[in-house]
Amino acid sequence: CKRMIGPRLQGCFGSDRGDGKEAFCSDGVLKNVSIMCSAAIGNTVASFSRVPYEVVKQSLQTGQYSSTSQAMSSMWKQGGMRSFFPLG
């Protein structure tokens with residue numbers, strides 16, 4: 001917990017409060033929250049790199065374009081960045 005929260009906040013939120021009151025959250029809760037946050041950020045970054053690749057690949061598989069470079073340049077001219085991130 002001390003590594004996750006700065007020393008000034010440790011006394012308020014940490015597990016070793018000196019005033020006898022119960023901690024705001026335990027070390028286990030902070031660990032789980034940090035794991036959830038890092039997983040969410042990691043999946044978001046992965047999606048932003050994976051989705052355009054999949055869109056171009058599917059366009060090639062359906063025969064809309066004959067090459068990757070043709071697909072990418074044509075999609076960029078038609079819809080800009082938005083064409084690589086379809087809405088569903």
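Student: What is the relative accessible area of Val33?

Tutor: In this predicted model, local features need pLDDT of at least 70 and side-chain atom pairs count only at pLDDT 80 or more, while totals for chains, interfaces and linings use all residues. Residues are numbered from 1 along each chain as its sequence is written, and side-chain values use heavy atoms, with hydrogens and water left out. Buried means under 20% relative accessible area, exposed over 50% and partly exposed in between (1.4 Å probe, protein chains only). Val33 is partly exposed, since its relative accessible area is 37%.

Student: In which helix is Val33 found?

Tutor: Helices (H or I, at least four residues) and strands (E, at least two) are DSSP runs, numbered from the N terminus. The chain has three helices and zero strands, in the order α-α-α from the N terminus on. Val33 lies within residues 27–61, which form helix H2.

Student: How far does helix H3 reach from its first C-alpha to its last?

Tutor: Helix H3 covers residues 68–79, twelve residues in total. The expected span is 1.5 Å times one less than the number of residues. For H3 this expectation is 16 Å, and the helix comes close to it with a reach of 16 Å.

Student: Which residues of H3 are buried, and why are they on the same side of H3?

Tutor: The buried residues of H3 are Ala71, Ser74 and Met75. They lie on the same side of H3 because they cover, around the axis, an arc (of the directions from the helix axis to the C-beta atoms) of only 100°. Ser69 and Lys77 are exposed on the other side of H3, whereas the buried residues are Ala71, Ser74 and Met75.
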